[in-house]
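Dear colleague,

Please find the sequence and the structure below. A summary of what was found follows directly after them.

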Amino acid sequence: YKTGLYYFIPVLFEVVCFFIVGYFFIPRMEEFLGKLSIAEAMKDIYGQKVRIVTSISGFIFVSGLIAVQLKIAGSVFEYILNINSLYGIILSGLIITLYSTLGGIKSVVFTDLIQFFTFCTVIPVIVYYFFFGLDGTTIFSSLAKNPNFNFSEIFTFSNDKIWMLISLSLYMVIPAFNPAIFQRIAMSKDIKQARDSFYILASIVFLLILFIGWLSVLLMFRENFSEGNNIIHSLFDITPPIYKGLLLIGIVAMVMSTIDSYINSSSVLITHDFINVFTKLKNELLTARIVSFLLGMSGILLSLKDIGIFRLAVLTASFYMCIVTVPFIMAVIGYRTPYEKAVLGGMAGGFLVNILWMLLDITIIDGVIPAMVVNWIVLVIMH
């Protein structure tokens with residue numbers, strides 16, 4: 001809504017990413033089927049120290065994603081119950097954390113199925129309502145005059161924002177293999193099922209992105225829409241009661257289906273690949289449930305930080321992608337160094353560049369891609 005194609009084009013590359021995973025990576029990942037986590041896979045390839053670093057990075061990444069979703073949930077609950085968003089974050093966080101903790105992967109799969117059908121039906125209905133009565137021709141002619149939607153203004157190297165668009169597109173198209181995505185591949189019964197699921201995923205995500213992008217465009221042409229600091233509240237204000245109810249259900253369903261997946265995959269990561277390394281657990285399942293609860297609480301605390309939603313997502317993801325993604329992708333494509341120090345050196349290099357990027361406050365592009373490049377260079381040189 002605010003940045004037009006500068007954000008929409010990179011998001012479309014996420015669809016390309018899912019196709020790449022299904023077509024190129026999954027056929028090379030048969031050895032990972034049945035693994036409990038990506039940290040366990042990294043340990044089998046590179047050693048125990050790499051496993052520990054992977055589990056810590058995964059925890060940071062997932063805590064950030066949980067926080068992003070809780071920020072949105074807090075805003076929704078603030079609107080519904082007319083309470084402070086802080087209480088909305090805590091309330092929604094506790095609900096999701098409790099059922100994820102008590103129900104495990106079965107509760108995640110069952111609720112995700114319901115939530116998937118919920119927002120897949122709600123979003124098209126909401127988009128239809130906002131589009132009803134508007135002239136499509138007028139919309140497209142107006143967009144062509146908007147600098148955020150004008151291709152000739154966007155795709156020119158004299159435009160400083162083109163570099164951010166390129167870096168975000170690369171960030172989206174490179175498979176992160178985060179804990180939840182790896183878990184989905186590893187729990188498949190065979191390569192064919194994993195590959196087909198990603199093809200289906202890419203197709204559905206593509207349609208959902210189009211619907212949500214179109215909804216954002218339509219908001220610009222609603223006469224009674226007032227742009228404010230809280231776009232969710234403004235969106236609710238101009239929605240009639242019956243559609244408002246559907247919209248609330250759809251947003252909450254999207255939030256919940258994301259959080260519970262990441263809580264579950266990360267609880268396994270921390271329990272099996274961090275705690276269990278230092279002390280042999282007698283009851284790993286009970287420990288995983290306790291860790292699930294603590295993960296939910298850490299997500300709640302992080303969501304209280306005053307930082308933008310997208311910025312928080314990229315920031316926490318960068319600590320995972322610049323550390324774990326590079327050596328894992330190299331392993332999948334067949335480049336496996338026997339030197340654990342080479343991998344740890346690459347991880348350290350990527351981490352330091354990411355930290356330096358933030359300290360220097362470089363904003364022309366995000367530091368994720370440069371940090372990943374440094375990780376790769378150090379890995380290859382030390383090998």
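A salt bridge is a side-chain nitrogen of Lys or Arg within 4 Å of a carboxyl oxygen of Asp or Glu. By that criterion, Lys192, Arg195 and Asp196 are linked in a network of salt bridges. Please note that the model is predicted.

In total, five salt bridges are present in the structure.

Glutamate 31 and arginine 336 form a salt bridge through their side chains, at 2.5 Å from N to O. Glutamate 31 is in the loop between α1 (5-25) and α2 (38-46), while arginine 336 is in the loop between α13 and α14 (340-359), so this pair ties together parts that are 305 residues apart in sequence. Glutamate 31 is partly exposed, at a relative accessible area of 44%. Arginine 336 is likewise partly exposed, at 34%.

A salt bridge also joins the side chains of lysine 35 and aspartate 44, with a distance of 2.3 Å from N to O. Lysine 35 has 22% relative accessibility and counts as partly exposed, and aspartate 44, at 42%, counts as partly exposed too.

The side chains of aspartate 273 and arginine 51 meet at 2.7 Å, N to O, in another salt bridge. Because aspartate 273 belongs to helix α11 (residues 241-278) and arginine 51 to helix α3 (residues 48-81), the pair ties together parts that are 222 residues apart in sequence. Is this pair buried or exposed? Since buried means under 20% relative accessible area, aspartate 273 counts as buried at 0%, and arginine 51 is buried at 8%.

Let us turn to the nonpolar residues. In soluble globular proteins, nonpolar side chains tend to be buried together. Here, the largest nonpolar core has 100 residues, and those with the most contacts inside it are Met29, Ile38, Phe130, Phe177 and Phe328. Helix α13 (residues 309-332) supplies the largest share of this core, namely 13 residues.

Which residues does isoleucine 38 touch, leaving aside those up to four places away in sequence? Isoleucine 38 is in contact with Thr54, Phe177, Phe182, Leu269, Tyr320, Val324 and Phe328. Two of these partners, Phe177 and Phe328, are also listed among the residues with the most contacts inside the core.

Yours sincerely

Note on methods:
Residues numbered from 1 in each chain as written. Predicted model: local features only at pLDDT ≥ 70, side-chain atom pairs only at ≥ 80, totals over all residues. Heavy atoms only, no water. Core = buried A, V, L, I, M, F, W, Y, C linked by side-chain atoms within 4.5 Å. Buried < 20%, exposed > 50% of the residue type's maximum accessible area, 1.4 Å probe, protein only. Helix = DSSP H or I, 4+ residues; strand = E, 2+ residues; numbered from the N terminus. Contact = heavy atoms within 4.5 Å.
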